[in-house]
Amino acid sequence: MRVLVVEDEKKTASFVRKALQAEGFAVDVCHNGDDALAAARTTPFDGIVLDIMLPGRDGLSVLRQLRERKSTIPVLLLSARGEVNERVEGLNAGADDYLPKPFELAELVARVRALTRRSGENKSTVLRAADLTLDTVTHRAQRGGAEIELTAREYRLLEFLMRSPGRLCGRMMILEKVWDYDFDPGTNLVDVYIRRLREKIDANFEPKLLHTVRGAGYLLKEQP
Amino acid sequence: MTIRTRLSLWYAAVMFVALMVMGVLLYYQIIIEPREHARRHPERHHTEQAIEQDMFEDVTGIVMWCAVPAVLLSIGGGWWLMKKSLAPVASLTQAAEKISAYNLSERLPRTGNGDELDRLTEVFNGMLARLDDSFNRTREFTLHASHELKTPLTVLCGETETALRDESLSPAEHERVASLLDELRRLARIVDGLTLLAKADAGQVALKLEPVRLDELVRDNFADAQILAEPHGIQVELAACEEITVRGDRHRLRQLLLNLADNAVKYNQPQGRVTMSLRRNGDTAELTIANSGPGIPPEVLPRVFDRFYRGDSAHSPTVDGCGLGLSIVQWIVSAHNGTITITSEPSKLTTVTVRFPLLEVRQQMKKKNP
C-alpha cells in the first residue's frame, strides 16, 4: 500500500508519515499542490491524504484536477478551516473522506486504512470474532452459544467494530459512522457505550475482545 | 433645506401674501372707492363722521378677511410641515431600538432632503458603520486566531499521540503523556467551538434546512441520554413525544439535543432525574428538558448563555467541558428561528424550554383531522 501525503506544514507531514509507516504503508510526501499532481501522475498511489490549505494550488483544486483526469484514487481531505459546510463541499468535489484539524492520529490512520481497503471490506452476512458471532441480517448476536440482547445503537457499534477486526477505530470515526454525528459532542458517549457493550460481550467470557487504547480509540481483536 | 428654513419661509410667505392682499384691498377701499363714489353721486354729501364710520367697518372687514385665513394657513401649514419633517423621527426611533450586535450592517433610511434629521440619520449611520467595522474586526480576530491555533494544535496533538505509542515509556510516563493529550484535545474542542461561533456571528455558517421529524431525533436522543445517565444512577424519562416536523438542519438539531441532555446529566445530583418532553403548543414545537439538579442561582441564570461563563465554580467542581456548549445551543436555536429559556428553582427543578416554529401547521392539522 502506497500513500501520498500532501501537507505544507513540515512537522504535521512528518508525524503523519511516521504514523502511516508504522502501520505498514509506504509513504511519499509533497509540500504543495503542483508537486502532488505531478507525483500522482507518475506513481500509482493507493490513496492520498490531502490538506486543503496549501501554498499556490489548494487541495480542493488538486482534487478537482485529479477527478477531471478520471482518477478514482481515494482521497482523504484534511482541513484547518473546520467549516461545517466544508465537508459537504469536499465530498462534492470528489473526496472520499474528510477530517478536520486538529485530528487524532489514530483516527487518520484508521480512515486511510478504511479508504485503501474499501473494496476488501468484509461483506459476509455473519461476522465472527473468536466465539462471538453477529448476524447482519437478523441483527442477532451470540457468544459461546448464548444469545446477547443488543439495542439498535449497540448493534451498530458492534457491527462497525467487527467489520474492521484488529484495527484501531478512533472516537470521531465511531461517532461519524455509528451516530452519524458530524461534530465532536465533547461527551463520553462512545466510552459509555463501549463499557456497556463490553459488559454484554466480554464480562462473562474469555478471551476479552473489546480493547481500549488510551488516547487513541478502540479495537476488537482476539489476542490482547 | 433645513426644517428651520422651511418653517421661516412658510411663515414669511403667508405673512407676505396676507399683507399684500390686505394692502391691495385697503388701497381700493380707502382711496379708489370714495373717489368713485363721489364721482357717481356728486349730489350726496356725507358727514365726516359717517365716512369714518363706513371706513372703519370696511377696514375691519378687510383685516378680518386677511388675518383669519393667514392665521389658519400658518397653523395648518406649520403643523403639516412639522409633521412631515418629524416623520423620520418615528422610524428612526424604531430602527435604533432594533439595533444590536447582530444587525449592525443595517442602515437607517434617509429622506435625502438635507434637513437636520437627515443629517442626524447620516451621523447615526456613520456611527453604525464604525461600530459594525469594529465588531467585524473582533470577529475576524477570533476567526483568524482560532485558525492560527489549529496548526500548532495539530502538531502538538500529533506529536503527543506519537509519543504515546512509544512502547519504551514506563506506565507512569504513559499516564502523564495520556493526560497531556486529554488536555490538548479539550483545547482543540474549545478552539473548534470558538471557530464555529465566530463563523456563526459573521453569518458564515450555512444550515442545510429540510423538513425534520423532531420526535424521531428526540427519541434517539432519549436513548443516548439514558446511557449517559446510567453510570450516575440518574433516571431519564420521556414524558411526551408528539409527532412533530420542523424545518431544520438535522445535524445541528442533534447537536443541540445531545448538548442539552448531556448538561441535564452533568449538572444533576447522583440518583437524580431528567425529564424530557416534546409537545405541540399552538403553532410551536415545545421541547423541555428538566433535571433535578442543584439548580442555577438566580444571579447566574441570565448569564448561562455567555461564552466561557462558568458561574460559581463551587457549584460544579467536577464538571469539565469547553464552556461554549450553551452558547452553541443558543446559536442553533436562533438559527432555527426558535427561542430558548431556562428556569430554575435552586435545589429543585431546572427546566430548559426550546420552542421552534412548526413546519406547515395547516398540513399537519389536515393529516391529524382528515
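Predicted model: local features only at pLDDT ≥ 70, side-chain atom pairs only at ≥ 80, totals over all residues.

**Helix α1 of chain A**

- The buried residues of α1(A) are A:Thr12, A:Phe15, A:Val16, A:Ala19 and A:Leu20.
- Because these residues cover an arc of only 135 degrees around the axis, they end up on the same side of α1(A).
- Their cover includes β1 (2-6), β2 (26-30), β3 (47-51) and α5 of chain A, together with α3 (116-164) of chain B.
- With 13 residues, α1(A) reaches 18 Å from its first C-alpha to its last, close to the 18 Å expected at 1.5 Å a residue.
- After α1(A) comes A:Gly24, which has a positive phi, near 95 degrees.

**Where chain A meets chain B**

- On the chain A side, 34 residues are in contact with 33 residues of chain B.
- Four elements of chain A each give two or more residues to this side: α1 (10-22), α4 (84-92), α5 (105-116) and α8.
- The largest share, five residues, comes from α1(A).
- Sorted by class, the side of chain A that touches chain B has 15 nonpolar, seven polar and twelve charged residues.

**Helix α8 of chain A**

- Which residues of α8(A) are buried? They are A:Leu189, A:Val190, A:Tyr193, A:Ile194, A:Leu197 and A:Ile201.
- Seen down the axis of α8(A), these buried residues fall within an arc of 125 degrees, so they line one face of the helix.

**How α8 packs against α6 in chain A**

- Helix α6 (residues 152-163) of chain A packs against helix α8 (residues 189-201) of chain A at an angle of about 85 degrees, and their axes are 10 Å apart.
- Angles of 65 to 115 degrees count as roughly perpendicular, and α6(A) and α8(A) are therefore roughly perpendicular to each other.
- From α6(A), the contact is made by A:Arg153, A:Glu154, A:Leu157 and A:Leu158, while α8(A) brings A:Tyr193, A:Arg196 and A:Leu197.
- By class, the residues of this contact between α6(A) and α8(A) are four nonpolar, no polar and three charged.
- Two residues of α8(A) in this contact, A:Tyr193 and A:Leu197, are also among its buried residues.

Note on methods. Residues numbered from 1 in each chain as written. Chains lettered and ligands numbered in written order. Axes fitted to C-alpha atoms, helices over the stretch in contact; angles between N-to-C directions. Parallel < 35°, antiparallel > 145°, perpendicular 65-115°, else oblique. Contact = placed C-beta atoms within 7 Å. Nonpolar A, V, L, I, M, F, W, Y, C, P; charged D, E, K, R; others polar. Expected span 1.5 Å × (residues − 1). Buried ≥ 20, exposed ≤ 12 C-beta atoms within 10 Å, placed from the backbone. Arc of directions from axis to C-beta.
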